[in-house]
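Student: I would like to learn how to read a model such as this one, feature by feature. Could you give me the general idea each time, and then the case at hand?

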Amino acid sequence: MAMPWATVVSSPPAPVPLCRASPSVSCMRNRNPLSKQYASLSWSSSIALVPIASQQLCRGPKQKVGVVQAAWTRRSKSEAAKRPNRKSWKQRTDMYMRPFLLNVFFSKRYIHAKVMHRGTSKVVSVASSNSKDLRNTLPSLVDDDACRTIGQLIAERSKDADVFALAYEPKKNERIEGKLAIVLDTIKDNGIIFV
């Protein structure tokens, strides 16, 4: 018995491999069995795709999901104890954020102050009550007037070197009072900003 043409469906033609590397590798993509769409002839199209489940990716022994460790996060005390020689983020960046550092030294005989660039260790400005011009003009080399003179000289010489912002780091258990406060206040009054 003959079948009408409407019911006869032709089967799709067999795929023809385009790569000559091996007969088992086919370079044809079969999205729809009725359409013929061939992939490019590059070597990447001949690599078979292997499906990987998402559960296989998260099976690491020490992986924590959802935790992102950034370079700028603060180290915990246990991390600092494990690696004591590693500098913190502030220690690594403070030299660039506050490059000019003020150093003030008081002795029994004189007062010495200098501004130093941290990165290059170059001295930008120096003032000392023991210098020749101040030694003969000041009545006392360690009193409050000497502190004001040193602060004024440091401020003027720093401005001449185009330095308008300084940083001062007090030592451990050092209070900013007395002669040190006079020097710092005089520098501030002469137009230098402390950062």
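Student: Which of the 24 residues in the largest nonpolar core touch the most other members?

Tutor: In soluble globular proteins, nonpolar side chains tend to be buried together. A nonpolar core is here a set of buried Ala, Val, Leu, Ile, Met, Phe, Trp, Tyr and Cys residues joined through side-chain atoms within 4.5 Å, where buried means under 20% relative accessible area, exposed over 50% and partly exposed in between, with a 1.4 Å probe and protein chains only. In this model, which is predicted, the members of the largest core that touch the most others are Leu-102, Val-104, Ile-150, Ile-154, Leu-166, Tyr-168 and Ile-187. Two or more residues of this core come from each of E3, E4, H5 and H6, and H5 supplies the largest share, with six residues. These labels are DSSP runs numbered from the N terminus, helices being H or I of at least four residues and strands E of at least two.

Student: What is Val-104 in contact with, leaving aside its neighbours within four places in sequence?

Tutor: Contact means heavy atoms within 4.5 Å, and by that criterion Val-104 meets His-112, Ala-113, Tyr-168, Leu-180 and Val-183. Val-104 and Tyr-168 turn up again among the residues nearest the centre of the second largest pocket, together with Asn-103, Lys-171 and Glu-174.

Student: How should I read that second largest pocket, and which element gives the largest share of its lining?

Tutor: A grid of 1 Å is laid over the protein atoms alone; a pocket is an open set of points with protein on both sides within 12 Å along at least five of seven lines, whereas a cavity is a set where a 1.4 Å probe fits but cannot get out, and lining residues have an atom within 4 Å of a point. Points are joined across faces, edges and corners, the volume being the space filled by probe spheres set on them. Here the second largest pocket holds about 250 Å³ and has 16 lining residues. E3 gives the largest share of that lining, six residues. The lining divides into eight nonpolar, one polar and seven charged residues, with Asp, Glu, Lys and Arg counted as charged, Ala, Val, Leu, Ile, Met, Phe, Trp, Tyr, Cys and Pro as nonpolar, and the others, Gly among them, as polar.

Student: Is Asp-94 buried or exposed?

Tutor: Asp-94 counts as buried because its relative accessible area is 13%. This residue belongs to helix H3, residues 89-97, and touches Arg-118 and Glu-169, not counting residues up to four places away in sequence.

Student: What does the pLDDT of the protein chain average?

Tutor: pLDDT is the predictor's confidence in each residue, from 0 to 100; the chain averages 78, with 62% of residues scoring at least 70.

How values were computed: Residues numbered from 1 in each chain as written. Predicted model: local features only at pLDDT ≥ 70, side-chain atom pairs only at ≥ 80, totals over all residues. Heavy atoms only, no water.
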